[in-house]
Amino acid sequence: MKILLILIIPFFIYAQDLKSLLDFATSNSELVISKTLTQKAKNMEVEARDSAYYPTIDVGAFYQSENEKTPSLYGDVYSGYAKLSYDIYDGGKRSALLSQSQNEYKASSFDSEFTKKSLSLQIVQDFFNIKSLKATLSSKDEAKKSLEEQLIRMQRFFEAKVATKDDVDRLKAAYDTNIYEMESIKLQILSLKKILELKVGTNISSFDDSRFKEFKQHDIEPIDSVKYLMAKKDALVDGAESVDSIYYPQIKVENTYSVYGYDRTDAFHPEGVDSQNKLMLSLNFRLFDRGGVAKSKQAIIINSQAINTQVLFSKKEQQIHYDLALYRIKTSNIKIKSASSALISATSAFKTISKKYDAGIVDNVVYLDALSSKTRAKALYETSLNDLEIAYAIYYYYAGKNIEEFLQ
């Protein structure tokens with residue numbers, strides 16, 4: 001038991017970085033499990049369709065008793081039989097249905113992958129948005145400490161009659177407002193964390209630093225939602241072919257071997273045969289149905305054309321998001337440079353103004369403005385770094401890649 005705990009505990013400690021969260025979610029998320037089960041069901045349907053190419057063997061038995069006995073017919077008869085059946089030709093129905101099931105299985109596979117990748121993108125966005133909120137909370141906490149120090153200092157000045165009440169009130173209002181904003185951010189973090197835990201399928205105790213590898217541009221590939229629609233369209237076309245097969249000859253052979261036993265027989269009610277082999281070859285051909293099958297086929301074809309239109313739209317949509325993702329990365333890099341410069345300036349300005357404020361050269365309005373600028377600049381800088389990581393994730397998603405492969 002101790003050995004098991006030793007093996008398990010490091011996993012849960014390690015499982016808080018982004019890559020491990022993605023790996024865990026793609027195997028344990030209830031959404032993914034649901035899609036995986038659907039995929040397995042479709043695979044079983046393929047195997048079931050493939051079985052149609054093999055002969056079928058049925059066995060059975062019956063017992064018949066007549067009271068009163070019919071003239072010249074035995075009173076009781078019992079029988080056991082085995083029947084072998086095989087469809088020699090069905091107009092291509094089996095092959096069309098098998099192909100339809102195979103394409104439905106492909107569609108379910110793409111749907112499963114689409115769910116995994118879409119979930120991964122959502123997890124990455126939530127992860128870095130939480131990191132940004134935590135950074136904002138941290139900067140607010142620093143501001144809280146500074147405000148608390150100055151508030152205590154100003155209250156002492158007020159008691160010593162060297163500061164006015166409005167000086168204290170301004171700092172007190174700023175301090176209380178900062179506390180209010182911190183509690184609001186804490187609620188946002190908690191809410192987003194709970195949603196993230198639901199998506200991942202496990203509790204998250206920490207958010208370790210995670211980053212993407214150095215960015216490299218990739219050629220665009222169809223995303224799984226597009227592949228899903230394409231496979232679904234192909235399945236409909238196969239379904240139309242299976243419907244159309246009814247206009248072709250249906251040839252079937254059956255061979256039944258039966259054994260019989262009798263009771264209550266006499267000279268007037270003789271026994272029948274002891275065994276019998278029955279071979280039957282049947283041919284069926286549809287001559288007229290008032291166009292019912294043809295119309296059904298046409299309806300399926302129109303549905304496939306509708307899906308094909310969705311495919312064209314989805315490809316255009318993917319290309320737009322791909323181009324926007326590239327622009328988002330470019331914009332995020334510019335924002336990082338600007339936010340970094342702003343943070344340096346705001347930090348330097350706050351240090352200077354803080355000294356002047358302590359010396360009584362500037363009033364608390366200037367001090368509070370400088371503190372607010374520094375707090376905001378620090379939060380914006382950290383947020384811009386996290387926004388770049390989100391931009392990378394969005395780009396890789398719309399490029400048709402696996403996001404987790406590009407994490408460090």
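Trainee: How do β3 and strand β4 pair, and over how many bridges?
Mentor: In this predicted model, β3 and strand β4 (residues 275-284) pair in the antiparallel sense over 10 bridges.

Trainee: Which residue is the bridge partner of Lys 252 in β4?
Mentor: The bridge partner of Lys 252 in β4 is Ser 282.

Trainee: And how does strand β2 pair with strand β3?
Mentor: Strand β2 (residues 76-89) and strand β3 (residues 250-263) also run in the antiparallel sense, paired over 13 bridges. Within that pairing, Gly 80 has Val 259 of β3 as its bridge partner.

Trainee: Turning to helices, at what angle do the axes of α4 and α5 cross?
Mentor: The axes of helix α4 (residues 93-159) and helix α5 (residues 165-200) cross at roughly 160 degrees and come within 8 Å. An angle over 145 degrees counts as roughly antiparallel, and α4 and α5 are therefore roughly antiparallel to each other.

Trainee: Is that crossing left-handed or right-handed? And which kinds of residue make up the contact?
Mentor: α4 passes α5 in a left-handed crossing. The residues of the contact of α4 with α5 comprise 23 nonpolar, seven polar and 13 charged.

Trainee: New topic: how many salt bridges are found in the whole structure?
Mentor: A search of the whole structure gives 22 salt bridges. One of them joins the side chains of Lys 186 and Glu 183, at 3.2 Å from N to O.

Trainee: Where do Lys 186 and Glu 183 lie?
Mentor: Both residues lie in helix α5, three residues apart, which is about one turn of the helix. Lys 186 is partly exposed, with a relative accessible area of 38%, and Glu 183 is likewise partly exposed at 43%.

Trainee: What about Glu 389: which residue does it form a salt bridge with?
Mentor: Glu 389 forms a salt bridge with Arg 211, and the closest N and O atoms are 3.8 Å apart. Glu 389 lies in helix α8 (residues 364-398) and Arg 211 in the loop between α5 and α6 (224-244), so the pair ties together parts that are 178 residues apart in sequence.

Trainee: Is Glu 389 buried or exposed?
Mentor: Glu 389 is buried, with a relative accessible area of 6%, whereas Arg 211 is partly exposed at 29%.

Trainee: Which residue meets Asp 244 in a salt bridge?
Mentor: The side chain of Asp 244 meets that of Lys 297 at 3.5 Å, N to O. Asp 244 lies in helix α6 and Lys 297 in helix α7 (residues 292-358), so the pair ties together parts that are 53 residues apart in sequence. Asp 244 is buried, with a relative accessible area of 15%.

Trainee: Which residues do salt bridges with shared partners join into one network?
Mentor: That network consists of Lys 42, Glu 45 and Glu 104.

Notes:
Residues are numbered from 1 along each chain as its sequence is written. This is a predicted model: local features need pLDDT of at least 70, side-chain atom pairs count only at pLDDT 80 or more; totals for chains, interfaces and linings use all residues. Side-chain values use heavy atoms; hydrogens and water are left out. Axes are lines fitted to C-alpha atoms, for helices over the stretch in contact, and angles run from 0 to 180 degrees between N-to-C directions. Helices (H or I, at least four residues) and strands (E, at least two) are DSSP runs, numbered from the N terminus. Angles under 35 degrees count as roughly parallel, over 145 as roughly antiparallel, 65 to 115 as roughly perpendicular and the rest as oblique. A crossing is left-handed if the near helix is turned anticlockwise from the far one by less than a right angle, and right-handed if clockwise. Ala, Val, Leu, Ile, Met, Phe, Trp, Tyr, Cys and Pro count as nonpolar, Asp, Glu, Lys and Arg as charged, and the others, Gly among them, as polar. Two strands pair if DSSP finds at least two bridges between them. A salt bridge is a side-chain nitrogen of Lys or Arg within 4 Å of a carboxyl oxygen of Asp or Glu. Buried means under 20% relative accessible area, exposed over 50%, partly exposed in between (1.4 Å probe, protein chains only).
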